[in-house]
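Dear colleague,

Please find the structure below. My notes on it follow, and I would be grateful if you would read them alongside the model.

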Amino acid sequence: MMQNRAKTVLEVEGLRTSFFTRKGEVKAVDGISFYVREGETLGLVGESGCGKTVTGLSLLRLLPEPAGRILDGKILLDGIDLLALSKKEMRAVRGKVISMILQDPMTSLNPVYTVGEQIAEPVRQQQGLRGEKAREAVIAALRLLHIPSPEVRLRDYPFQLSGGMRQRVVGAIAMSCNPRLLIADEPTTALDATIQAQYLALFKEVQRKTNVAIIFITHDFGVVARMCHRVAVMYAGKIVETAPTEVIFRQPWHPYTAALINSVPRLDRKVERLYSIKGQPPSLINLPPGCRFCPRCPKAREICREREPEARQVGSEHFVFCWQVS
Amino acid sequence: MAEVLLEVQDLKKHYPVTRGLLQKTIGTVKAVDGVSFQIERGRTLSLVGESGAGKTTAAKAILLLEQPTAGSILFEGKDICRLPPARLKTEYRPKVQAVQQNPWSSMNPRMRVRDIIAEPLEVNTRWKKKQIDSRVEELLQQVGLMPEWAERYPHEFSGGQGQRIAVARALALNPALIVLDEPVSALDVSIRAQIMNLLKDLQDLYNLSYLVIAHDLATVRFLSHSVAIMYLGRIVEYGEGEELCTNPLHPYTRALISASAMTAQNMEEDNGARIILGGEMPSPVNPPCGCHFHPRCPAATDRCAVEAPAPKLYGTHYVACHLCE
């Protein structure tokens, strides 16, 4: 495969992020490791509260302080450990080397500035471009995201644009400095079905043109199937399975992955009852010993309640954290 | 064929667009523009479309939260738009209940769960407190919650549990029809499955009819018996759910199915089979002439830009499209 020879952009090792609250330590991300290569999209999948967004914010070191803290681990971007950088050095990384797209464009755009000014901000800050040069860079970013007549649009305010166009503007801001890594946190959840399809196709094209590595955070397996090369499934702060996309749909090993895929209603076949996982995810303050999924797992055994499972390789780039596999 | 419970005929809801101090009318938004469908007892109809298609307006008109501009809504054979208010209160309102998308915004955060579920009973019946308490307990059990949780406040529950409380409140008066506006789209994947199974079980148990408003076709296929696809205030395709999902005829339905979640083709990347629509839904203030969909339609002809297609029966479902002729 071509991709295997591509350079690794980001490598995360044993990342642990906790929030210290009055009720105790919330282990939002508890020792996860993964990597993304150039031109590759990694899907980070899981239910709300499993630590997907906190992982994204940890990579940018944008956790709400002082409650949120990265306790342990390494975040290597092209070999440089981001956790060892000073605050000032880190500021040069954000928007330039790593950028992020958030779910709701209406809250990530500033309503009182034109979209042109908002795209120009990272261009001026990070690339030091001024005047006509900055304007050109802004127009190039708008073109990359296929925003029609960019020279006119850059004078618009966010409220004058439709939801799909606003999210494209957010995409243009994120791509304006040609980042190495893009973190997209549920960028299509707020969009309509046909607009979502447009946006995903657009991002595939942007990736082909710029070779940017993408971490795509989502809870929607349909989006994963369409966008991602590899998937990492998260549950209660841990990665439970990671595999290439076509493998995970054909042969999920972890009971949680299988349950998640089965509980999604399908358009291509009629089912009488949906598979549903009993119970709810555990509280991150008071985690069960052993495997985190075992209270809800139909296949749990004695060992699952006692010891945490370790990674087992079951195929090319396919790792599972489950006692069933050994 | 089961008995028809609700029949909507040529329903229209237009809103005036006004400007200036004198509120001069400068146009109308045709949010719902001539929509007809029917729901049988014990069956589910889904209205599907993107935001701005008019599906929520149609639902509001059926709940009589909005007075329709034109058309009629027949419930058990009676036109509810012409019923006097006193009869509406006894013959219609208690029989039609609603569940909203977001349980947190549809429940008063300062009321206990017991009071939330009991409210429709207190307003509509003259039951004694004891009777109401035992009904609340029964309802909580029915939706899979513990009766002792009745003393809690809404914020103590998760999203899925919140939606269960909303369903319990809707069930309180033994309604015939429940309008569900995006009932699962605010929930997590695994919780969605639980709520959808619950809705199906309750339907079988009480012979309930559902009107589901949704944008996700896969959810709709699981829940509904018939489906109506809306685009800019009009129904473009309407028929039996299975048939519509496996054999869509309108180009917009095809694009929606193609854009919708997991299908087998998804795995073979974009091999040309996927339809991705360009553009966006136009403004309903100034909709395109002819077929509303023609500016985005991959197969539009000159005729589509001039003449609005009338819905016609093809096989088992109605389609409003010139290309199917």
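**Findings**

Chain B contains 10 helices and 12 strands, where helices (H or I, at least four residues) and strands (E, at least two) are DSSP runs numbered from the N terminus. This is a predicted model, in which local features need pLDDT of at least 70 and side-chain atom pairs count only at pLDDT 80 or more, while totals for chains, interfaces and linings use all residues. Residues are numbered from 1 along each chain as its sequence is written, and chains are lettered from A and ligands numbered from 1 in the order in which they are written.

The C-alpha trace of chain B spans about 70 × 55 × 45 Å along its principal axes.

Chain A is divided into domain 1 (2-97 + 180-271 + 309-321) and domain 2 (111-178), with bounds from an automatic or database domain assignment. The C-alpha centres of domain 1 and domain 2 of chain A lie 26 Å apart. Their contact takes 12 residues from domain 1 of chain A and 12 residues from domain 2 of chain A, two residues being in contact if their C-beta atoms, placed from the backbone, lie within 7 Å.

Yours sincerely
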